[in-house]
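Subject: Structure handover and notes

Dear colleague,

I am passing on the structure we spoke of, and my notes on it follow below. Please read them with the coordinates open beside you.

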Amino acid sequence: MTIKLLASMEPDDSIQNPEEKEYSSVCVGREADIKKSERMTAVVHDREVVIFYHKGQYHAMDIRCYHSGGPLHLGEIEDFDGRPCIVCPWHKYKITLTTGEGLYQAINPKDPSAKPKWCSKGIKQRIHTVTVENGNIYVTLSKEPFKCDSDYYATGQYKVIRSSSR
């Protein structure tokens, strides 16, 4: 079950460069609701995010996969090399919930007896901060000053949820 909430949007909150603005925390729902559904979607300052509750922890990230915009809120959470990841339902890309790293398996082609090992592509998905206060879940957008691949699908024409001000 996915809960959609439109949260505190202002007409001029269009986000092109996340690091250029200072964003306040936005209440996206009740703790009891996300614990029950284990995920929810929300629009925070005109940016679509998905919030996961997994093994007692909250995680938030851009809702669209960095690879080709797949709907991460419809993916499954699996552990790879001891790291919980959301698996994109479109192309099975694996993204860590805690850091936004893209993971893949590789082997050394020069070693025929080599076993596949998990490797990182680096941070590909923008991760946002989740806080809980008085039973409410708040999301604060990332202020990290680097461009993430997921930024491309989090803005402009690829957005699924449109704000009412457009």
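Tyr 153 has a relative accessibility of 12% and therefore counts as buried, the limit for that class being under 20%. Please keep in mind throughout that this is a predicted model.

**Aromatic pairs**

The structure holds four aromatic pairs, and I describe two of them here. In one, Phe 80 and Trp 118 are tilted against each other, with 4.9 Å from centre to centre and 55° between the planes. Because Phe 80 lies in strand E6 and Trp 118 in strand E10, this pair ties together parts that are 38 residues apart in sequence. Phe 80 is buried, with a relative accessible area of 11%, whereas Trp 118 is partly exposed, with a relative accessible area of 21%. The other pair is formed by Tyr 152 and Tyr 153, which stand edge-to-face at 4.9 Å from centre to centre, with 90° between the planes.

At one end of the order, E6 pairs with strand E7 (residues 83–87) in the antiparallel sense over five bridges, and Asp 79 stands opposite Pro 84 in E7.

With a relative accessibility of 0%, Gln 125 counts as buried. A polar atom of the Gln 125 side chain lies 2.8 Å from the backbone oxygen of Arg 64. Leaving aside neighbours within four places in sequence, Gln 125 is in contact with a list of residues including Met 61, Asp 62, Arg 64, Cys 65, Ile 95, Cys 148 and Ser 150.

As for Lys 124, a polar contact of 3.2 Å joins its side chain to that of Asp 149. Not counting residues up to four places away in sequence, Lys 124 touches Tyr 66, Gly 100, Glu 101, Gly 102, Cys 148, Asp 149 and Ser 150. Arg 126 lies over the face of Phe 146, at 5.4 Å from the ring centre.

**Ser 150**

Which residues does Ser 150 contact, leaving aside its neighbours within four places in sequence? They are Asp 62, Arg 64, Tyr 66, Lys 124, Gln 125 and Arg 126. Ser 150 itself has its place in the loop between strand E12 (136–140) and helix H2 (151–154), and at 0% relative accessibility it counts as buried. The C-alpha atoms of Ser 150 and Gln 125 are separated by 5.0 Å, although the two residues are 25 residues apart along the chain.

With kind regards

Conventions:
Residues numbered from 1 in each chain as written. Predicted model: local features only at pLDDT ≥ 70, side-chain atom pairs only at ≥ 80, totals over all residues. Heavy atoms only, no water. Helix = DSSP H or I, 4+ residues; strand = E, 2+ residues; numbered from the N terminus. Buried < 20%, exposed > 50% of the residue type's maximum accessible area, 1.4 Å probe, protein only. Contact = heavy atoms within 4.5 Å. Pairing = 2+ DSSP bridges. Polar contact = N/O pair within 3.5 Å; in protein donor to acceptor, adjacent residues only side chain to side chain. Phe/Tyr/Trp six-rings, centres within 6.5 Å; stacked < 30°, edge-to-face > 60°. Lys NZ or Arg CZ within 6 Å of the ring centre and 35° of its normal.
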